[in-house]
Amino acid sequence: MSSGPLISVGRYGLFVGAAIRACLAGRWAFREMLEHASTVALRCFLPVTITALPFGAVIGFQGMAILDLFSAHRLISSLLSVFVIRELAPVIAAVLVAAQAGSSFAAELGAMRIKEELDATSVMSVDPIGWHVVPRIGAMAIVIPALTILAGAFGVFGGWLVVVGLEGQPHGVFMAHLAQDLTTFDLGASAFKGLVYGVLIGTIACWKGFNATGGAEGVGRAVNDTVVLSVMFVLVSNYLLSSLLFSGVFR
Amino acid sequence: MITAFVRSVGRYGLFCWDCGVSAWRHGVRWDRVMGEASKLGVRSFGVLAVMALFVGTNLAIQGHAAFSALGAQSLVGMFVALAGVREVCPLLAGTMVAAKAGTEMTAQLAVMRTKEQIDALEVMAIDPRAELVVPPLLGIMIALPALTIISIAIALGSSVAVAVWQLGLEYGDYVDWLVSNITVFDLTAAMIKALVFAVVIATVSGWFGFFSERGPIGVGSATNKAVVVMCIVCITLNFFLTTVLYG
C-alpha cells in the first residue's frame with residue numbers, strides 16, 4: 001500500500017469526512033462522549049496544572065529580569081497575563097492532552113484494531129466511527145477549552161508565586177495591572193484556540209489508532225505518530241490562529 | 001498511591017544505577033552511540049525545524065502585541081532573544097525529542113519485552129541495559145544540544161522574517177536588539193539544559209519500555225505514560241534550572 005504524504009492527507013480527509021457524516025446523521029453515542037470527556041478531564045487535570053505552574057513562574061522570573069532594565073516592574077503582571085492567557089495556556093493544555101489522552105486514544109483504538117474488535121463492531125452493524133471515534137473527538141473538543149482556562153489560571157498563579165512571593169512585589173500592584181491589557185475577547189480567543197486544538201488532536205489520534213496495522217509494534221508506532229503530528233500541527237496552527245485572532249481583524 | 005509513587009521513583013533510580021554500572025562494566029560501544037546520535041538527529045531534524053520556525057514567528061507576534069501596547073516596539077527583539085534562547089528553544093527541542101525519539105525507544109523496548117527478546121538477551125548472558133539503553137542514552141546526550149542550537153537559529157531567523165515583513169519593524173533595529181541580548185553564557189546555559197533533558201528523556205523512556213507489560217495494550221500504555229512523565233519532568237526541571245543558572 002503506497003503512503004506518500006499527500007495520500008495520507010487524503011486518507012485523513014476521508015476519515016474526518018466519515019466522522020462528520022456520522023455526527024450529522026446522528027449515528028453517534030452521546031453518553032459515550034460524556035464518559036470519555038470526564039476520563040480525559042480527570043487524567044489530564046494534574047499534568048496540565050503542574051506544568052502550567054512552573055511555566056508561569058519562569059515567565060515571571062525572566063520577565064522581572066527584562067523589566068528590571070527599565071525599572072518597570074509594575075508591568076510584569078500585565079505581560080504575564082497577556083502571554084500566559086493568549087499563547088501559553090492553549091498550547092500547554094493541547095500538548096499535555098495530546099501526550100496523555102491523545103496517545104491513550106490512539107493506543108486504545110489501535111489495540112481494538114489489532115484484536116479485531118473494530119471489525120467485530122461493524123459486523124454487528126454498529127458503525128465503529130459513530131460509536132468509537134466521534135465521541136472521542138467530541139470529548140477532546142469539550143475538555144481542551146476547559147483545561148485551557150484552567151492552565152491560564154494556574155500559569156498566572158505560578159507567576160504570582162515568583163513575583164509576589166519571591167521578588168516581593170506588593171500584591172495590590174500585581175492585581176492592579178493584571179487585567180490591564182486583557183479583554184474578554186482574549187479569554188474567548190484562548191478557549192477558541194483550545195477548541196481548534198481539541199478537534200485537531202482528536203481527529204489525528206483517532207485516525208492513527210483506527211488505521212493501526214502490524215501487531216504491537218503498530219500500536220506503538222500509532223501512539224508515537226499521534227504525539228509528534230499533534231504537537232507539530234498545534235504549533236503550526238497556533239501561529240495561524242494568533243495572527244488571525246490578535247492582529248486586529250476581529251477587534 | 002503515594003507509596004506506589006515513591007516505590008516507582010526508587011525503582012527508576014535503581015534502573016539508572018544499573019545502567020551506569022553496566023556501562024562501566026561492559027564498556028561503551030561508541031560506534032553504536034554515534035549511530036544512534038546521527039539517526040536521532042536526522043530523524044528529528046525535519047519536525048524540529050518546522051516547530052522552531054513557527055515558535056519564532058509566535059514569539060515575535062506575541063512580543064509585538066505585548067510591547068506595542070507600551071509603545072516600546074524595539075523591546076520585541078530583546079523579548080524574542082531572551083525568551084527564545086533561554087527558555088523556549090531548549091524546552092521545544094526537549095519535548096520534541098521526547099515525543100519522537102523517546103516514545104520510539106519506549107515502544108521498541110516494550111515490543112522487545114513483549115516478544116521476550118530482552119529475556120533472550122539475558123539468557124545469552126548479554127547485558128540488555130548495556131546493549132539497548134546505554135547507546136541511545138549517550139546518543140541523545142550528543143544530539144539534543146546540537147538540535148537545541150539549530151532550533152535557536154531557525155526560531156530567531158523566522159522571528160526576523162515575521163518582525164520585518166508581517167509586523168513592519170525596522171530590520172537593523174530589530175536585529176541589533178536581538179543579537180546584543182544573546183550572550184555566550186545564554187547559549188551555554190541552553191546546552192546545559194539540553195543535556196539534562198537528554199538524560200531525563202533517555203532514562204525515563206528506557207525505564208517505561210524496559211518494564212512495560214506485555215502485549216499491544218502494554219506497549220501502548222507504556223508509551224503513553226512515558227511521554228507524559230517526560231513532558232512534566234522536563235518542564236518542571238526547566239524552572240529549577242532557570243532559577244539555578246540565572247538566579
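B:Cys231 is buried, with a relative accessible area of 4% (buried means under 20%, exposed over 50% and partly exposed in between, using a 1.4 Å probe and protein chains only). Keep in mind that this is a predicted model, where local features need pLDDT of at least 70, side-chain atom pairs count only at pLDDT 80 or more, and totals for chains, interfaces and linings use all residues. Residues are numbered from 1 along each chain as its sequence is written, chains are lettered from A in the order in which they are written, and side-chain values use heavy atoms, leaving out hydrogens and water.

**Cysteines**

- A disulfide is a covalent bond between the sulfur atoms of two cysteines.
- How many disulfides does the structure hold over all chains? The count is 0, where a disulfide is a pair of cysteine sulfur atoms within 2.5 Å.
- For B:Cys231, the closest cysteine sulfur sits in B:Cys234, and at 7.1 Å that is too far for a bond.

**Where the chains meet**

- Chain A puts 45 residues into the contact and chain B puts in 50 residues (contact means heavy atoms within 4.5 Å).
- About 4,200 Å² is buried between chain A and chain B, with carbon and sulfur atoms giving 78% of that; buried area is the accessible area (1.4 Å probe) that two parts lose on being put together, summed over both.
- Between the chains there is 1 salt bridge, meaning a side-chain nitrogen of Lys or Arg within 4 Å of a carboxyl oxygen of Asp or Glu.
- B:Lys115 and A:Glu217 meet through their side chains in a salt bridge, at 3.4 Å from N to O.
- A:Gly220 touches B:Ala107 and B:Val219, leaving aside residues up to four places away in sequence.

**Inside chain A**

- You'll find A:Gly220 in helix 8 (residues 215-246) of chain A; helices are DSSP runs (H or I, at least four residues), numbered from the N terminus.
- A:Gly220 is buried, with a relative accessible area of 2%.
- A:Gly220 and A:Leu241 are 21 residues apart in sequence and 31 Å apart in space, going C-alpha to C-alpha.
- A:Thr49 belongs to helix 2 (residues 30-68) of chain A and is buried at 6% relative accessible area.
- Not counting residues up to four places away in sequence, A:Thr49 touches A:Leu150 and A:Phe154.

**Out on chain B**

- B:Ile2, in helix 1 (residues 2-26) of chain B, is exposed, with a relative accessible area of 66%.

Definitions and conventions. Helix = DSSP H or I, 4+ residues; strand = E, 2+ residues; numbered from the N terminus.
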